[in-house]
Amino acid sequence: MPLEDLLWYEEKKELGHHFLEQSMEYSLYTRSLMRTMYLESILADDLDKMREMIINNTMASPSVVHGTIWFDNMTEYINILKYIQDKLAERIAQEANEENSDLEEEMTLRAIELAVAIILIPIVVVLVRNIIKKIHRFSSDLQFKTFELEEERKRTEELLYQLLPRTIARKLMQEGNTVPEAYHSATIMFSDVVGFTEISSQSTPMQVISMLNKLYLTIDGRLEQFDVYKVETIGK
């Protein structure tokens, strides 16, 4: 992948891990669900290995098999997160209803004891308002995290589009498989940086990176003007 996409992926991976750790720290229920459904599963090991492959950023030819495995695993992972989110939302709603019921009962009792507890009424009102504010704040945070999860799903699809042609990737997402296509003719362009070894030996690492980055951006800009698919590889 280009350096920018690799840095974006690493940032999002660490950010997602941080959010999960925070949610499990504040909610034992969330931690229990994550441990049962994901952390102790084969899926967690498979995704860790695939994330490590992405971080290593080793050049490889596009593979329908690897793309399908990545898509299926990430889909299952996102479904697990969505299930845990829904369960957590149900639990929050249930606890909120229970708290509201308790508050209504308490306010009824306070009304009966109004003559002797009138001084406590302002305190109760403040407490109720604080609880409602916390519930609203938590609901807003949950909505924001849902939006981030959807954005992450879109970014995952874009990552798949970088591994496979868009038509094949969409067919995989919609139907789960794809039928190979045959073409009577095709045009292939091979390119090489002549004297790359000599250039690299006379340049600093950052100069080499800058040169390759400008070269790839220029080529990608030209390719976007045509209906082509770029396969990145490296010579032996």
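How many positive and negative side chains does the protein chain have, and how far apart do the centres of the two sets lie? The count is 25 positive and 39 negative, with the two centres 3 Å apart. Lys and Arg are taken as positive, Asp and Glu as negative; His and the chain ends are left out. Each charge is placed at NZ of Lys, CZ of Arg, CG of Asp or CD of Glu.

This is a predicted model, in which local features need pLDDT of at least 70, side-chain atom pairs count only at pLDDT 80 or more, and totals for chains, interfaces and linings use all residues. Residues are numbered from 1 along each chain as its sequence is written, and side-chain values use heavy atoms, with hydrogens and water left out.

**View 1. The whole chain.**
The protein chain has nine helices and zero strands. Its pattern along the sequence is α-α-α-α-α-α-α-α-α. Helices (H or I, at least four residues) and strands (E, at least two) are DSSP runs, numbered from the N terminus. The radius of gyration is 27 Å, well over the 18 Å that the globule rule gives for 236 residues, so the protein chain is more spread out than a compact globule. That radius is taken over C-alpha atoms, and the rule is 2.2 Å times the number of residues to the power 0.38. Along the principal axes, the C-alpha atoms fill a box of roughly 95 × 45 × 35 Å.

**View 2. Surface and contacts of the chain.**
The protein chain exposes about 18,200 Å², and carbon and sulfur atoms supply 59% of that area. Areas come from the Shrake-Rupley method with a 1.4 Å probe; for residues, only the protein chains shown count as cover. Of the 236 residues, 19% are buried. Buried means under 20% relative accessible area, exposed over 50%, and partly exposed in between (1.4 Å probe, protein chains only). Among contacts with a separation of 6 or more, 67% join residues 24 or more positions apart. A contact means heavy atoms within 4.5 Å.

**View 3. T30 in helix α2.**
T30 sits in helix α2. Its relative accessibility is 4%, so T30 counts as buried. Leaving aside residues up to four places away in sequence, T30 touches S23, M24, I84 and L88. L20 is ten residues from T30 along the chain, and their C-alpha atoms are separated by 9.1 Å.

**View 4. S41 between two helices.**
S41 lies in the loop between α2 (28-39) and α3 (42-56). S41 counts as buried because its relative accessibility is 18%. Its side chain reaches the backbone oxygen of Y38 at 2.5 Å. Such a polar contact is a pair of N or O atoms within 3.5 Å; within protein, one must be able to donate a hydrogen and the other to accept it, and residues adjacent in sequence count only if both atoms are side-chain atoms.

**View 5. T146 in helix α6.**
T146 belongs to helix α6 (residues 121-163). At 30% relative accessibility, T146 is partly exposed. A polar atom of its side chain lies 2.9 Å from the backbone oxygen of L142. T146 and Q85 are 61 residues apart in sequence, yet 8.3 Å apart in space, C-alpha to C-alpha.
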